[in-house]
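Reader: I'm new to this structure and would like to learn how to read it. Could you walk me through it, feature by feature?

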Amino acid sequence: MRRMPQAERRGGLWLVDLICPFHTTENKMANQMRADLITGPFKGKQFKFHHSNPARGQRKVMELGG
């Protein structure tokens with residue numbers, strides 16, 4: 001488990017964990033869960049999260065909502 005760098009921890013709303021064990025490229029369940037957050041509890045709010053690419057091991061900060 002990696003620690004979030006200090007610069008990333010400051011300010012804003014962060015989605016810490018979105019666990020979607022039944023997500024596939026066909027059903028895109030994780031995408032639907034993020035869409036539900038945008039229209040529901042995070043409506044009108046911008047939030048950040050780390051997106052990890054398991055094939056390449058890369059991680060980047062994503063921002064959604066607003």
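Reader: Let's start inside. Which residues make up the largest nonpolar core?

Author: The general idea is that in soluble globular proteins, nonpolar side chains tend to be buried together. Here the largest nonpolar core has 5 residues in all: L15, L37, F42, F47 and F49. A nonpolar core is a set of buried Ala, Val, Leu, Ile, Met, Phe, Trp, Tyr and Cys residues joined through side-chain atoms within 4.5 Å. Buried means under 20% relative accessible area, exposed over 50%, and partly exposed in between (1.4 Å probe, protein chains only). One caution before we go on: this is a predicted model, where local features need pLDDT of at least 70 and side-chain atom pairs count only at pLDDT 80 or more, while totals for chains, interfaces and linings use all residues. Residues are numbered from 1 along each chain as its sequence is written, and side-chain values use heavy atoms, with hydrogens and water left out.

Reader: How much of the protein is buried?

Author: Buried residues make up 14% of its 66 residues. The accessible surface comes to about 5,500 Å², and 54% of that belongs to carbon and sulfur atoms. Such areas come from the Shrake-Rupley method with a 1.4 Å probe; for residues, only the protein chains shown count as cover.

Reader: Now the overall layout. How many helices and strands are there?

Author: Helices (H or I, at least four residues) and strands (E, at least two) are DSSP runs, numbered from the N terminus. This protein has 2 helices and 3 strands, and from the N terminus on, the elements run α-β-α-β-β.

Reader: Which residues of helix α2 are buried?

Author: In α2, residues 29-39, the buried ones are A30, R34 and L37. They sit on the same side of α2 because they cover an arc of only 55° around the axis; that arc is taken from the directions from the helix axis to the C-beta atoms. What covers these buried residues includes β2 (46-53) and β3 (58-65).

Reader: In which sense do β2 and β3 pair, parallel or antiparallel?

Author: Antiparallel, over 8 bridges. To follow the pairing, note that S52 stands opposite R59 in β3, and Q46 stands opposite G65 in β3. The hairpin of β2 and β3 has 4 residues between the strands, and there G57 takes a positive phi near 75°.

Reader: What joins the side chains of E63 and Q46?

Author: A polar contact of 2.7 Å. A polar contact is a pair of N or O atoms within 3.5 Å; within protein, one must be able to donate a hydrogen and the other to accept it, and residues adjacent in sequence count only if both atoms are side-chain atoms. E63 lies in β3, while Q46 is in β2. Both are partly exposed: E63 at 45% relative accessibility, Q46 at 47%.

Reader: What else does Q46 touch?

Author: Leaving out residues up to four places away in sequence, its contacts include L13, L64, G65 and G66. L13 is in strand β1 and is partly exposed at 32% relative accessibility. The C-alpha atoms of L13 and K45 are separated by 8.0 Å, though these residues are 32 apart along the chain.

Definitions and conventions:
Contact means heavy atoms within 4.5 Å. Two strands pair if DSSP finds at least two bridges between them.
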